Amino acid sequence: MFYISLLVILGVLFLVAELVFLSGSFIGTVLSLVCYGGAVWLAFAGYGYVTGIAVIVIIAAVSLAATVISLRAKTWQRLSLSQEIESSSMEQPAEHLSTGARGVTVSRLSPMGKVEIDGRIYEAKSMDSYIDPKCEIEVTGFENFNVIVRKLN
């Protein structure tokens, strides 16, 4: 009876692993079916017809309960990551600059390049045309991590 119980428990564990961790691989399903089949065979061969049927009913009930519990959302919330990442790898230029700030191009903007504004280097984008190095520019907006600039005349 120990081996039958052990095979049923292993079958349930493989079933839960398939549902939660190995979705779509069928490895857990195959191992679960092998364990269940072994438990049923041992029950019929060693204990007779009534015990075999009882093991089949127990396997069906335990598998159904394990499936329902495994698929409920609240069951795995304790194991899942619930934090939100609100930081970024770079600072947004809009935190330090405002529209109308002036600076100088460090490299050619064609249309992307580097600009220096208030002693800091930023990745910039020219919306109008190419801008040569060491030209005066003005900030007109922001796009993601880039500063949108225009050439001052």
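Start by selecting Ser-70 and Ala-66: a polar atom of the Ser-70 side chain sits 2.7 Å from the backbone oxygen of Ala-66. A polar contact here is a pair of N or O atoms within 3.5 Å; within protein, one must be able to donate a hydrogen and the other to accept it, and residues adjacent in sequence count only if both atoms are side-chain atoms. You are looking at a predicted model, in which local features need pLDDT of at least 70, side-chain atom pairs count only at pLDDT 80 or more, and totals for chains, interfaces and linings use all residues. Residues are numbered from 1 along each chain as its sequence is written, and side-chain values use heavy atoms, with hydrogens and water left out.

Stay on Ser-70 for a moment. Ser-70 belongs to helix H3, residues 49-71. Helices (H or I, at least four residues) and strands (E, at least two) are DSSP runs, numbered from the N terminus. Is Ser-70 buried or exposed? Ser-70 counts as buried because its relative accessibility is 7%; buried means under 20% relative accessible area, exposed over 50%, and partly exposed in between (1.4 Å probe, protein chains only).

**Zoom out to the whole chain.** The C-alpha trace spans about 100 × 25 × 20 Å along its principal axes. Of the 153 residues, 29% count as buried.

**Now select the strands.** The five strands form a closed barrel in the order E1-E2-E3-E5-E4, with mixed pairing. From one strand to the next, the twist averages 55°; axes are lines fitted to C-alpha atoms, for helices over the stretch in contact, and angles run from 0 to 180 degrees between N-to-C directions. Pick out E3 (residues 120-126) and E5 (residues 146-151), which run parallel and are joined by three bridges. Two strands pair if DSSP finds at least two bridges between them.

**Next, the loops between strands.** Pro-111 lies between strand E1 (102-105) and strand E2 (112-117). Show the backbone there to see the cis peptide bond that joins Ser-110 and Pro-111, with omega about -15°.

Move on to Asp-118, in the loop between E2 and E3. Asp-118 has a positive phi of about 55° although it is not a glycine, and it is exposed, with a relative accessible area of 66%.

Then select Asn-144, in the loop between strand E4 (136-143) and E5. Asn-144 also has a positive phi, about 55°, and is not a glycine. At 63% relative accessibility, Asn-144 counts as exposed.

**Last stop: Gln-92.** This residue is in the loop between helix H4 (73-77) and E1. Which residues does Gln-92 contact, leaving aside its neighbours within four places in sequence? They are Asn-144, from the previous stop, and Phe-145, where contact means heavy atoms within 4.5 Å. Gln-92 and Phe-142 are 50 residues apart along the chain, and their C-alpha atoms are separated by 8.9 Å. Gln-92 counts as partly exposed, at 31% relative accessibility.
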